[in-house]
Amino acid sequence: MRKRGLKFYAGMYRKILVQDLKSKMSYRADFIISTFGMIMTNLSGFVTFMILFHNFPEINGWDYHHMLFLYGFSLVALTPVQCFFDNNWNLRFMVQSGDFIKYCFRPVNVFFYFISEVFDVKGLGQLAFGIGTIVYAWIKIGIPVTPLVILKLLVFLLTASLFMIALMNFAAATCFWIKGSGYVMVIMFRFKDFAKYPSSIFEGIFKIIFTFIIPIAFIAYYPSLVILTPDNVPLLSWISPLYGLVFVYLSYKFWMLGVRKYDFTGS
Amino acid sequence: MSDLSVNEAVVMRNVCKDFKVLNRHEGLKGSIRDLFSRDYNTVSAVKDVTLTVHKGEIIGYLGPNGAGKSTTIKMMTGVLEPTSGEILVNGKVPYKNRTENCENIGVVFGQRSQLWWSLPLIESFKLLRDLYMVPQKDYEAMIELYRSLVDIDPILHKPVRQMSLGQRTLSDILAAFLHNPPIVFLDEPTIGLDVSMKAKIRELILGLNKEKNTTVILTTHDMGDVDALCKRIVIIDKGTKIYDNDIEHLKNYFGSYRTLKLKLADDTWEEYLIDEKTTDVMDVIMEKQKEKKIKDVKILEISTEEVIKKIYEGSAK
């Protein structure tokens with residue numbers, strides 16, 4: 001059999017993406033409305049944040065600009081899951097209706113084929129908003145701009161993004177076993193709101209849950225410490241890239257296990 | 001398995017497939033109990049099916065709803081693993097080499113389009129070409145072949161979501177043949193289509209089978225499909241193979257059967273199954289006319305369901 005390596009998959013993804021974008025542009029009204037909706041969503045999130053900080057100028061020792069940095073960091077880190085993995089939201093409908101079977105008839109990885117089908121443009125607005133916020137907070141805090149810091153930022157942004165991808169993979173794949181997987185997804189997706197706050201506000205059992213079981217703390221808090229407190233970086237921050245990769249890998253395996261276990265009943 | 005079976009398109013030997021189904025209880029209390037219940041029932045969808053499909057053949061795979069047709073197809077396509085027994089598709093075990101198996105099969109599954117919903121057909125074709133790594137030369141030759149068999153130009157630049165059901169089915173069939181697979185599975189390809197579209201699709205399938213010597217495994221409830229396409233049919237009911245022979249053979253037994261429908265004065269229909277070899281249809285009509293007023297008469301060929309029923313009742317022995 002001819003081999004399908006990373007290069008094949010990257011090329012294939014690009015081709016599908018280009019076609020998808022082209023067809024999306026052709027629905028202008030849809031495009032404009034969703035862009036508008038995206039801006040409003042981000043604005044309302046931001047306003048909530050401002051109101052909160054108007055009343056509590058400091059959260060657990062974190063001042064306004066540090067919190068703002070964390071906020072922007074989480075927005076950027078949540079972009080990949082929004083842009084590239086949005087089809088996970090459709091998984092349960094496909095599985096319940098039996099339409100999912102069509103993804104199993106192509107000579108490519110089922111997860112890739114399924115995920116490649118949807119690219120959500122809305123995530124790009126969030127990305128722009130997040131970058132703007134990070135840059136603003138960066139300047140106000142006065143973090144030095146060196147190539148090393150920028151590199152660290154990129155690496156740890158990427159790391160942070162892995163956790164939400166993994167969580168959503170896990171949540172979506174539950175639909176292969178249970179009917180009410182929609183709730184699991186919504187709950188997981190809600191958890192991301194905690195990512196905007198320093199994990200140090202959680203105590204005891206919650207701290208353990210949000211660090212190791214549902215690792216929300218890694219979506220922004222631990223990775224951003226590498227930039228925010230370079231002199232005092234916890235060990236968890238340094239191992240987060242490895243932990244992220246393992247977590248994504250496990251979620252992928254779980255997803256694929258679901259495909260294998262699923263009976264494809266009904267025709 | 002013998003070496004010979006490697007040269008067949010599909011070989012199934014004593015294939016069984018069981019599903020575990022949870023015994024559900026009623027009410028809220030029952031649902032909570034189900035959460036922890038280990039109370040499973042085993043349902044046999046396919047029981048001990050042995051079947052050989054030769055290269056280049058078009059076979060009709062028939063059976064009533066829930067007979068186990070789809071389960072068999074899903075096993076042949078490598079989506080499901082048989083509980084026991086052996087399957088070879090193109091000489092390989094499909095479940096163990098799913099991606100490799102997928103390269104060598106084409107699938108059209110019911111009314112579910114497998115194309116990219118929002119893309120024009122030609123773009124879907126190009127993506128499939130890349131996905132299956134079809135050389136450009138072969139791809140172009142295939143498009144030319146399509147052009148000679150059907151009028152594809154009006155649909156080539158149309159997004160799939162704007163197509164009529166007929167156009168979509170046509171597109172799906174073309175897409176399934178695009179990488180020139182040795183075997184194509186067609187699951188009810190003409191369901192819901194009008195008469196002329198049905199004819200067009202049957203012609204296309206025949207044409208492609210002839211040109212490329214593609215093995216076609218067709219499941220359908222439409223006897224018209226079977227008559228137009230298949231020389232051989234396999235019938236399965238309740239998971240067991242109950243008929244596997246030429247269509248001629250089937251017709252010898254049931255071709256003389258007619259379904260006679262009579263519309264009575266109160267607008268209700270009465271149905272009679274008549275064997276023309278022994279009884280003349282006209283006699284029956286005249287007989288009935290003496291008893292009651294008949295408003296309308298329909299004489300139909302025996303339906304697939306009735307053939308299957310007949311066979312299942314053991315008449316074909």
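**Close-up views of a predicted two-chain model**

Figure 1. With a relative accessibility of 47%, Glu287(B) counts as partly exposed. This view is taken from a predicted model. Glu287(B) belongs to helix H11 of chain B, which covers residues 281-291. On the surface, Glu287(B) gathers with Asp280(B), Asp283(B) and Glu291(B) into a patch of negative charge. The partly exposed state of Glu287(B) follows from the limits applied, because 47% falls between the under 20% that defines a buried residue and the over 50% that defines an exposed one.

**Figure 2. A salt bridge between the two chains, Arg112(B) to Asp99(A).** The side chains of these two residues meet with an N to O distance of 2.7 Å. The pair crosses between chains: Arg112(B) sits in the loop between strand E5 (105-109) and helix H4 (121-131) of chain B, while Asp99(A) sits in the loop between helix H5 (88-97) and helix H6 (110-116) of chain A. Asp99(A) has a relative accessible area of 27% and is therefore partly exposed. Over all chains, the salt bridges number 18.

Figure 3. Arg202(B) is buried because its relative accessible area is 15%, a value under the 20% limit. Asp222(B), at 18%, is likewise buried.

**Figure 4. A salt bridge between a strand and a loop, Glu270(B) to Lys292(B).** The side chains of Glu270(B) and Lys292(B) form a salt bridge with an N to O distance of 3.2 Å. Glu270(B) lies in strand E11 (residues 269-275) of chain B and Lys292(B) in the loop between H11 and strand E12 (294-301) of that chain, so the contact ties together parts that are 22 residues apart in sequence. Glu270(B) is partly exposed, with a relative accessible area of 23%. Lys292(B) is also partly exposed, at 29%. Elsewhere in chain B, salt bridges that share partners join Glu57(B), Arg232(B), Lys241(B) and Asp244(B) into one network.

Figure 5. Met40(A) is placed in helix H2 of chain A, spanning residues 28-55. The relative accessible area of Met40(A) is 41%, so this residue counts as partly exposed.

Figure 6. Chain A holds twelve helices and zero strands. From the N terminus on, its elements run α-α-α-α-α-α-α-α-α-α-α-α. Along the principal axes, the C-alpha atoms of chain A fill a box of roughly 60 × 45 × 35 Å. Of the 267 residues in chain A, 50% are buried.

Definitions and conventions. Residues numbered from 1 in each chain as written. Chains lettered and ligands numbered in written order. Predicted model: local features only at pLDDT ≥ 70, side-chain atom pairs only at ≥ 80, totals over all residues. Heavy atoms only, no water. Patch = residues over 30% accessible without salt bridge, like charges linked within 9 Å, V, L, I, M, F, W, Y side chains within 5 Å. Areas by Shrake-Rupley, 256 points an atom, 1.4 Å probe, with all protein chains shown as cover. Salt bridge = Lys/Arg side-chain N within 4 Å of Asp/Glu carboxyl O. Lys, Arg positive; Asp, Glu negative; His and termini not counted. Charge placed at Lys NZ, Arg CZ, Asp CG, Glu CD. Helix = DSSP H or I, 4+ residues; strand = E, 2+ residues; numbered from the N terminus. Buried < 20%, exposed > 50% of the residue type's maximum accessible area, 1.4 Å probe, protein only.
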